[in-house]
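Let's take a walk through this model together. Keep the sequence and the 3D view open side by side as you read.

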There are 2 protein chains.
Amino acid sequence: MRIALDAMGSDAFPAPDVAGAVLAAQEFGDTILLVGDPSKIEPELAKHKTAGLPLQVIPALDIITMHDKPSVVGKAKPNSSMHIGMKLIKDEQADAFVTAGNTGAALSIATLYTLRRISGVKRPALTAILRVGERAVILLDVGANADSKPEWLEQFALMGKIYAKSALGLDDPRVGVLSNGEEEGKGNELVREASALIANLPLRFVGNVEPKDLLSGDADVVVSDGFVGNIMVKSLEATARTVSNLIRQEIMAGTLTKLGGVLAKPAFDRVRKQTDPFEVGGAPLLGVNGVVIIGHGRSNDRAIKNAIGQARKAVSGQVIASIATGLQERVETERR
Amino acid sequence: MRIALDAMGSDAFPAPDVAGAVLAAQEFGDTILLVGDPSKIEPELAKHKTAGLPLQVIPALDIITMHDKPSVVGKAKPNSSMHIGMKLIKDEQADAFVTAGNTGAALSIATLYTLRRISGVKRPALTAILRVGERAVILLDVGANADSKPEWLEQFALMGKIYAKSALGLDDPRVGVLSNGEEEGKGNELVREASALIANLPLRFVGNVEPKDLLSGDADVVVSDGFVGNIMVKSLEATARTVSNLIRQEIMAGTLTKLGGVLAKPAFDRVRKQTDPFEVGGAPLLGVNGVVIIGHGRSNDRAIKNAIGQARKAVSGQVIASIATGLQERVETERR
């Protein structure tokens with residue numbers, strides 16, 4: 001397998017990206033194509049023991065920042081690591097592309113300039129895998145489409161089901177719709193119309209899912225409008241951080257609580273690791289015609305390695321072909 | 001001042017409701033009208049020292065539960081404590097109504113059967129006051145309207161500004177719109193159209209507010225669609241509870257961390273009090289023609305007393321008259 005990695009992706013690029021590539025090459029043995037500015041990548045590579053490891057540098061000289069407008073960057077920076085990395089998939093030089101960079105830019109470059117959509121896909125969805133205790137839940141869309149139609153959510157449900165097989169190893173995941181109440185009939189117009197469509201799909205539909213149900217693992221795949229999904233994920237992360245900070249402040253406010261805090265620190269650290277971010281490093285742009293995994297901007301080397309791991313699973317699980325087939329079957333069922 | 005209280009409101013009614021009324025009568029000296037089933041209220045009152053306190057019982061024999069459908073209950077149970085309590089305002093027998101009961105039922109009974117809307121109000125909004133460190137932020141709508149129009153959000157901004165004066169003591173609050181990114185141009189169609197309208201209002205508009213900005217106190221009033229606001233508030237509460245539970249589990253998993261947990265317990269308890277629920281007990285249905293304060297179903301006696309306190313502030317701050325005037329001025333400005 002050959003996986004292209006955006007070496008200029010993470011907030012602290014290229015150090016975590018390159019270190020993650022080295023870890024992945026060691027652990028998985030796949031070829032990692034490091035895409036970006038060689039004059040930045042090579043000195044970073046020199047810090048690691050890379051002899052014999054399947055690592056290659058692919059030059060790409062335009063750099064996309066978090067401040068670049070997604071709508072502009074596709075045209076303005078045609079030689080970015082994202083363009084070049086995704087073109088590698090298109091040209092069958094790579095099996096997947098992984099980036100911890102600007103999500104909006106990746107979405108725009110994938111759908112408008114390089115890979116484009118899988119045939120039959122109405123809109124691609126940005127996916128997040130959230131930790132829920134010992135399990136995980138796939139939430140989509142978390143930001144690709146701010147205004148969605150019921151038919152798009154219907155496809156998200158189908159794509160989420162298919163992705164749950166490779167990502168979570170679930171053949172028959174429970175699929176729900178994010179809503180403001182569990183009861184049937186709750187939700188806004190979009191949720192109610194999408195639910196009616198999803199109920200007819202060949203999948204285990206569990207109906208409305210509230211935030212608390214999502215966090216207690218009552219569903220494996222939860223679909224939503226990209227605006228609502230984005231606010232939900234951001235609320236989770238902001239709240240987890242706020243609660244952690246409050247606890248730290250309150251513990252530091254007294255001598256005994258401070259001592260208690262020192263003793264309990266390993267427990268806090270484990271919780272922070274689980275909840276900040278809530279997201280498992282790396283989730284795909286589903287619906288794009290190629291495996292594109294987006295990691296968190298704050299990724300460290302291990303998070304980059306995990307994102308590469310997600311890419312491997314999606315490639316070996318044949319997610320793209322399964323989505324194409326799944327949508328095709330759906331169209332044929334409708335014709336009958 | 002006379003404040004009507006739904007004695008059958010909280011999840012554990014009537015004990016916390018009655019105890020809260022006693023606390024409020026002691027502290028504020030206002031007359032509290034306890035509305036509900038006298039055969040349930042009187043034995044509860046007998047448990048407290050009520051001699052000389054301005055407490056009255058007003059009979060209302062229909063009982064609304066959390067399982068009652070809001071759309072049905074208005075007609076089906078015309079003698080509920082909610083109906084009778086709100087009619088007391090209409091008949092000028094009470095200055096405000098406080099309930100910790102079914103929110104949807106309160107909204108439906110207020111708008112369709114008793115108080116109705118303030119003249120000029122397009123839709124009432126359910127409001128939440130969230131704790132943000134030492135400060136508070138008013139979020140609306142958190143559930144009255146699942147599908148909203150830009151003009152409704154525009155009015156929510158104006159009503160939120162007016163309410164911030166009595167609730168938070170702020171003359172010129174910073175008003176923002178809940179969105180999926182801070183940058184201008186982010187948001188869905190509703191957010192962008194509402195922002196354009198709010199920018200023309202006579203208030204301090206701070207634009208888009210993300211969940212993290214809201215939690216760091218970057219705005220005093222944040223408006224949103226009721227569906228999104230509801231999911232945001234529910235996400236905050238579910239996450240705070242999940243993080244607390246995880247910390248408890250991890251602390252209990254080791255001997256040293258367990259000891260640390262015992263020492264640090266006062267700090268945790270303070271944080272839990274601040275974040276579970278995140279909401280300050282009691283926030284109004286804004287836009288309804290009368291002060292109606294909705295408390296949390298899990299309210300204890302102090303939360304009920306605080307909700308009554310919110311009602312007093314809204315009455316003495318003349319929130320209803322101010323909203324009517326504010327909307328009238330707005331209409332006149334538009335005509336010019």
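How many bridges join β4(B) to strand β11 of chain B, and do they run parallel or antiparallel? There are four bridges between β4(B) and β11 (residues 291–294) of chain B, and the two strands run parallel. Please bear in mind throughout that this is a predicted model.

**Strand β4 of chain B**

The partner of A96(B) across to β11(B) is V291(B). Strand β4(B) also pairs with β1 (residues 2–6) of chain B, through three bridges and again in parallel. In that pairing, A4(B) sits opposite F97(B).

Within β4 (residues 96–99) of chain B, A96(B) and V98(B) point one way, while F97(B) and T99(B) point the other way; all are buried.

In chain A you will find an open sheet of eleven strands with mixed pairing, in the order β3-β2-β1-β4-β11-β10-β5-β6-β9-β7-β8. Its edges are β3 (55–59) and β8 (204–209) of chain A, each of which pairs on one side only. Ignoring direction, neighbouring strands of this sheet are turned by 25 degrees against each other on average. Helix α1 (residues 15–28) of chain A packs on the sheet and touches β1, β2 and β3 of chain A, with its direction at about 170 degrees to that of β2(A). Strands β10 (residues 283–286) and β11 (residues 291–294) of chain A run antiparallel and are joined by two bridges. Across that pair, P284(A) has I293(A) as its bridge partner.

The strand pairings with a bridge count are collected here:

| Strand pair | Bridges | Direction |
|---|---|---|
| β1(B) and β4(B) | three | parallel |
| β4(B) and β11(B) | four | parallel |
| β10(A) and β11(A) | two | antiparallel |

**The nonpolar core**

Which residues touch the most other members of the largest nonpolar core? They are L5(A), A96(A), L5(B) and A96(B), in a core of 223 residues. Helix α9 (residues 226–252) of chain A gives the most to this core, with twelve residues. Leaving aside neighbours within four places in sequence, the contacts of A96(A) include I3(A), I89(A), V291(A) and A311(A).

**Between the chains, and between the domains**

Chains A and B meet through 46 residues of chain A in contact with 46 residues of chain B. On the chain A side, α9(A) has the largest share, 17 residues. That side divides into 25 nonpolar, 14 polar and seven charged residues.

Chain A itself is divided into domain 1 (1–121 + 287–318) and domain 2 (126–279). Their C-alpha centres lie 26 Å apart, and ten residues of domain 1 of chain A are in contact with ten residues of domain 2 of chain A. Helix α11(A) gives the most to the domain 1 side, with three residues. By class, that side has four nonpolar, five polar and one charged residues.

**A closer look at D301(B)**

Is D301(B) buried or partly exposed? D301(B) counts as partly exposed because it has 19 C-beta neighbours inside 10 Å, whereas a buried residue needs 20 or more. D301(B) lies in helix α11 (residues 301–316) of chain B. Apart from neighbours within four places in sequence, D301(B) is in contact with P16(B), A19(B), G20(B) and L23(B).

Notes
Residues are numbered from 1 along each chain as its sequence is written. Chains are lettered from A and ligands numbered from 1 in the order in which they are written. This is a predicted model: local features need pLDDT of at least 70, side-chain atom pairs count only at pLDDT 80 or more; totals for chains, interfaces and linings use all residues. A residue is buried if 20 or more other C-beta atoms lie within 10 Å of its own, exposed if 12 or fewer, and partly exposed in between; C-beta atoms are placed from the backbone. Two residues are in contact if their C-beta atoms, placed from the backbone, lie within 7 Å. Two strands pair if DSSP finds at least two bridges between them. A nonpolar core is a set of buried Ala, Val, Leu, Ile, Met, Phe, Trp, Tyr and Cys residues joined through C-beta atoms within 7 Å. Ala, Val, Leu, Ile, Met, Phe, Trp, Tyr, Cys and Pro count as nonpolar, Asp, Glu, Lys and Arg as charged, and the others, Gly among them, as polar. Axes are lines fitted to C-alpha atoms, for helices over the stretch in contact, and angles run from 0 to 180 degrees between N-to-C directions. Domain bounds come from an automatic or database domain assignment.
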